Amino acid sequence: MKRTILALVLCFALTACAAPAPSEDWDPALANALGLTQEQRLEDYDYFVKTLGDSYLCMGVRDRDNPDRSSAEIFQRYRKMIEESDSDDAFYSALYSTLWTLGSYGHLWIIEPGDYQEMLDWCRNEDTTGREHWKELLEQSEEQYKKLDAYLNALENEDSTTAVSEGSQQENLHTLLMPETGTAYLKVDSFLPDYHPDYQKDAEAIRKFYNAAADCTDLIIDLTDNSGGSEGYWQNLLAAPLTDVPLECTNYALLADSENNRPFINNVFAPSDLHPIAELPDLPKLNRDGLDAATHFVESTLHVDPAEERAAFHGRVWLLVGPMVYSASESFSVFCQATGFATLVGTQTSGDGIGALNPVLMRLPNSGILIQYTMMFGLNPDGSSSEEAGTTPDVLSPAGEPALVTALRAVQQGRN
């Protein structure tokens, strides 16, 4: 997840007591660049806190992980900062700092102007059937995001953060054939969406690599640096070419039928998909602390059909995982383990891959700022939270040992 941390915002996150001294060329008008009154700022912040309380189900996980700093204390602290500052500048910094301090549990984060423009372009150029409410909220915020973008561009650190971002491009795929050991190795660093300019390049490269590995007995797919992206990538490019039969797995995911979530629920689910929370089976490791807002559960199914053209590789598949594995890469891990498509090797993943659905949006009524979060709270088969527990590999790496080393040893042992 992108985190373009502006110097001004970071200062607030660390101190939360006073705005930094403005630079000599600071335009005082920027302090109220969003055109909000103090009443509107506080209304937006209170709306943000209330909506998280009745719509977002990961706060219990977050507070269990951070017992020394509760979410309630964080909200109180940054609301007070808005009250005492009376500026749009302080409001945005307080909102950003709240999210930074809470952490990105369940994809919780602010939609920043660069990401906003990409999302707006996507919804205007692609088929948004089933995503109508996402498009509606994005279009409603267009004028406010122009103001927000102008404000952020005026901050002195903007040029340097952009340069870092643009200089970080690198290859998404890394491949190696080891015919002497009968092993093929494929590392995928991100699951690109199908509209990404490199998606088709990756698709062709993977197809050729799978076919080049025809004489290999084992394929190692490395996700240890992959924190997610699009489920369609692994379904269509990694799994479908290597199966002869349809594969699927099903898990439960909880959700809250709140005012903010309801339009998204109606976009995605039929009424028959929703089951009252009272009918949820007894799951031994379900921790209900923080889940008071949950009203329903759904059966979340991951499904892959065989590709039209079967790849030439027909051997065993090993999936390398670790703490970077999250979101869509987690959903692939869950799928592999549940269906037997691959053997998981490495260390515990970071989760949030069950019930994977594009994060939904919360639109603050006055500023138009958009906040994203995961609406669906995925459960592992034993009831533990996917966000909290992640997935335990089938073959655990000893402390300090790279997952690849563990996998190569397992490959060799499997042949003996």
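A strand here is a DSSP run of E with at least two residues, numbered from the N terminus. Keep in mind that this is a predicted model.

**Exercise 1.** Find the strand that holds H296, and decide whether H296 is buried or exposed.

*Solution.* Start with the location: H296 lies in strand β7, which covers residues 296-304. Next, take the cut-off: buried means under 20% relative accessible area. H296 has 18%, so H296 counts as buried. Now look at what surrounds H296: beyond its neighbours within four places in sequence, its contacts include L254, D257, H275 and I277. Finally, the side chains of H296 and T295 make a polar contact at 2.8 Å.

**Exercise 2.** Work out the strand order of the open sheet of 6 strands, and name its edge strands.

*Solution.* Reading across, you get β2-β3-β4-β8-β9-β13, with mixed pairing. The edges are β2 (173-178) and β13 (395-396), since each pairs on one side only. Helix α13 (residues 328-339) packs on this sheet, touching β8 and β9. Zoom in on β2 and β3: they pair in the antiparallel sense over 6 bridges, and L176 stands opposite Y185 in β3.

**Exercise 3.** Check the span of helix α15, then say where its buried residues point.

*Solution.* Helix α15 has 13 residues (403-415), and at 1.5 Å a residue they should span 18 Å. The end C-alpha atoms are 19 Å apart, which agrees. The buried residues are A403, T406, A407, A410 and V411. Seen down the axis, they fall within an arc of 140°, so they line one face of α15. Their cover includes β3, β4, β8, β9 and β13.

Definitions and conventions. Residues are numbered from 1 along each chain as its sequence is written. This is a predicted model: local features need pLDDT of at least 70, side-chain atom pairs count only at pLDDT 80 or more; totals for chains, interfaces and linings use all residues. Side-chain values use heavy atoms; hydrogens and water are left out. Helices (H or I, at least four residues) and strands (E, at least two) are DSSP runs, numbered from the N terminus. Buried means under 20% relative accessible area, exposed over 50%, partly exposed in between (1.4 Å probe, protein chains only). A polar contact is a pair of N or O atoms within 3.5 Å; within protein, one must be able to donate a hydrogen and the other to accept it, and residues adjacent in sequence count only if both atoms are side-chain atoms. Contact means heavy atoms within 4.5 Å. Two strands pair if DSSP finds at least two bridges between them. Axes are lines fitted to C-alpha atoms, for helices over the stretch in contact, and angles run from 0 to 180 degrees between N-to-C directions. The expected span of a helix is 1.5 Å times one less than its number of residues. The arc is that of the directions from the helix axis to the C-beta atoms.
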